[in-house]
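Colleague: I have a few questions about this model. Can we go through them one at a time?
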Amino acid sequence: MERITLAHGDGGQLAHQLIADVFVSMFRNDRHAKFDAATFTLDPHELAMTTDSFVVKPLFFPGGNIGKLAVAGTINDLSVVGAIPKVMTCSFIIEEGFPICDLKTIVQSMAEEAKKVNVEIVAGDTKVVERGSADGLYINTTGIGVISHSLEPKICEGDSVIVSGSVGDHGVAILVARGELGLVSTIESDCTTLYPLIAKALQASQRIRLMRDPTRGGLATALVEICEDFGVTIELEEERIPVKQEVEGACELLGFDPLYLANEGKVVMIVPKEEEQAVLDALRSQPEGKAAAVIGTVRAINKGQLLLRTPLGTTRRLYRLTGLMLPRIC
Amino acid sequence: MLDVMDSPTRSTLSQTLLQEVQMLANQFQQTFGRMPSFMEVCGSHTMALARTGVKKALEGYVRLISGPGCPVCVTDQVTIDAMISLTDGSDRIICTFGDMMRVPGSYGTLMQAKTEGKDVRVVYSPVDAVRIAEQHPHQEVIFLGIGFETTIPILAAAIKEAEEKQVHNFSMWMSTKLVEPILRQLLHEREVSLDGFLLPGHVSMVMGRAHFEFLATEYNMPAVISGFEALHMLSAIRHLLMLALKQHAIVLNDYKSVVTEQGSVQAKYWMNHYFTLCDEAWRGIGVISQSGMDFKKEYDRFNAKVKFSVLTREPRRTKCRCGEVIRGLIDPPQCALFGKACTPLQPIGPCMVSSEGSCAAYYQYMREE
């Protein structure tokens with residue numbers, strides 16, 4: 001099996017071959033590859049830019065791999081601020097000994113994910129580190145998008161909170177894929193590019209106040225941040241939050257809370273109550289949004305708290321995830 | 001939370017049951033002139049009562065007291081120090097359940113030891129630690145065996161596997177606890193006035209309903225075995241109230257889908273095959289005779305206490321009141337450190353760090369500020 005060697009990272013012939021065979025051929029960015037930096041033209045509009053590093057373990061999991069995650073994650077970060085993702089760079093830190101066939105599979109899925117929304121991968125970098133210095137492969141992606149819809153987060157009392165689908169799928173898929181739990185599950189990561197879904201929602205309503213993709217820290221942490229950043233109190237209805245039974249079962253077993261598990265293909269939105277149905281219909285018209293649900297309401301301005309109403313009718317306050325989630329003993 | 005395809009009907013059921021419980025609690029107050037007090041023995045119940053809102057919904061109706069059923073919280077400081085100091089030896093791999101990683105010893109945590117380069121690994125089952133030992137034949141793999149009757153059979157399963165596969169570089173540092181002796185101790189001491197026990201479904205699954213019969217026959221104390229969902233716990237509390245109202249002491253199995261009369265014969269067989277009763281030190285309580293299980297002599301080759309010696313210093317005392325929390329004497333917010341010096345990010349005591357600890361349950365689910 002062909003493997004990554006330290007020479008693949010030395011900038012010489014092997015490095016050139018790797019770049020030509022794997023990255024340039026799959027990302028189809030020959031035009032940009034001839035120069036030290038990509039040059040491109042963008043409309044004279046407001047731009048959005050984001051960067052993220054991906055260090056997921058395992059690299060391959062049900063529903064995706066680190067490459068798909070890296071591209072989808074950056075596209076999603078651009079999409080939730082109302083931008084049309086346009087161009088992207090990617091940087092690879094590869095451990096010596098990494099199988100080149102695995103690298104090809106990962107890069108191929110990056111190319112496919114980017115192609116879904118016509119994002120061009122225009123520049124990149126490859127470094128190879130000694131065996132033992134990295135966990136196989138790390139990827140950094142940076143993306144630029146053009147703002148098509150300027151969000152002005154004027155959140156009002158009575159606004160609705162919508163989530164595009166079931167929460168916690170990615171978190172459980174990764175836990176199961178690590179093979180340490182002895183659990184068998186059919187749960188797949190929700191890892192996907194959200195731009196088409198978000199574009200539909202933005203077509204349906206020009207008044208979407210705010211969007212977030214609840215990745216690490218889960219739905220609860222993302223909403224706590226919104227509550228604090230914008231000084232609003234949101235009350236979630238526990239029963240309305242979509243959670244798959246398998247995710248709920250795994251959480252019960254391990255003592256985890258699905259509201260704090262990572263998602264990689266979900267968006268949470270705050271919309272005016274009167275636009276709630278139009279946005280829901282738009283989300284549900286897409287496969288990724290068919291389980292979209294209204295999960296809560298903005299209750300007050302100037303308090304900055306996230307509350308959860310339980311099926312018993314009591315409410316409790318939700319906070320940010322504190323520290324690592326570690327499985328319990330019994 | 002419901003499956004995405006379900007329709008929301010659970011709230012109606014829960015709220016009807018809640019009203020019935022509140023009504024019975026009012027009857028109890030009218031009859032006896034005070035609020036009924038029940039102790040949930042198990043840390044998983046403590047968490048579930050707080051998370052589902054049952055505890056909050058019953059405020060002013062029923063006093064729910066957290067008992068000594070969180071395995072991390074009841075582990076004595078000296079034991080925690082000893083477990084952490086096991087990482088000092090070279091060529092050792094320390095394996096543990098996740099809960100233990102951030103538990104503060106007197107001079108650090110396992111997480112800090114890992115950050116400093118010690119080989120400390122979180123495993124999901126002690127059997128995984130046996131596999132690690134097979135993969136690293138030139139290193140000693142030590143599993144930190146803490147837990148109650150729910151966990152002890154799993155520890156036994158790991159020893160069985162190590163024995164069958166002739167894995168010689170695997171051992172366990174045992175500090176397990178049993179529910180019956182601590183309940184007897186609490187009832188003897190009578191520090192807390194109780195009207196009944198909410199008994200743990202998981203422990204009962206292993207030990208069986210009959211195991212807890214002594215509560216009714218010897219102490220005249222009603223008890224109900226419960227599952228961990230809001231409906232399970234409300235149903236069990238309803239039963240407890242009815243028993244307390246009638247002054248009728250029986251041990252009721254309200255979790256029949258999981259718990260049988262005699263429990264798991266096989267789990268009990270393997271527990272008793274490798275382990276024997278021993279005296280154990282409980283945090284904030286002291287040594288209780290025959291309240292834990294440790295290796296039988298013939299299995300000393302798996303006993304990390306025999307294989308390795310550790311140097312522990314005098315435990316550093318803090319103002320942490322975990323000892324009183326686990327005896328049900330105070331609620332977490334009554335500790336001066338709670339939420340200030342002691343938070344889940346910087347815990348002082350184990351009740352704050354454990355995912356089954358009362359302080360963590362309060363901090364995560366009951367804080368309102």
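Colleague: Which residue in β8(B) does Pro200(B) stand opposite?
Modeller: Ser226(B). Keep in mind that this is a predicted model.
Colleague: And how do β7 and β8 of chain B pair?
Modeller: In the parallel sense, over four bridges. Strand β7 covers residues 196-200 of chain B, and β8 covers residues 223-226.
Colleague: What is the strand order in the sheet?
Modeller: β2-β1-β7-β8-β9, in chain B. The sheet is open, has five strands and is paired in parallel.
Colleague: Why do β2 and β9 of chain B each have one side without a neighbour in the sheet?
Modeller: They stand at the edges, so each has a single partner strand. In chain B, β2 is 63-66 and β9 is 251-253.
Colleague: How much twist, from one strand to the next?
Modeller: The average is 25°.
Colleague: Which strands does helix α2 of chain B touch?
Modeller: Helix α2, residues 43-51, packs on the sheet and touches β1, β2, β7 and β8 of chain B. Its direction makes about 100° with that of β7(B).
Colleague: Changing topic: how many residues are in the largest nonpolar core?
Modeller: 105. Those with the most contacts inside it include Phe170(B), Phe197(B) and Leu215(B).
Colleague: Which helix gives the most to this core?
Modeller: Helix α16 of chain B, residues 358-366, with seven residues.
Colleague: What is Leu215(B) in contact with, leaving aside neighbours within four places in sequence?
Modeller: Among others, Leu183(B), Phe197(B), Leu199(B), Asn220(B) and Val251(B).
Colleague: What about the other core, which residues are in it?
Modeller: That core lies apart from the largest one and has 38 residues, among them Ile187(A), Ile241(A), Leu259(A) and Leu308(A).

Definitions and conventions: Residues numbered from 1 in each chain as written. Chains lettered and ligands numbered in written order. Predicted model: local features only at pLDDT ≥ 70, side-chain atom pairs only at ≥ 80, totals over all residues. Heavy atoms only, no water. Core = buried A, V, L, I, M, F, W, Y, C linked by side-chain atoms within 4.5 Å. Buried < 20%, exposed > 50% of the residue type's maximum accessible area, 1.4 Å probe, protein only. Helix = DSSP H or I, 4+ residues; strand = E, 2+ residues; numbered from the N terminus. Contact = heavy atoms within 4.5 Å. Pairing = 2+ DSSP bridges. Axes fitted to C-alpha atoms, helices over the stretch in contact; angles between N-to-C directions.
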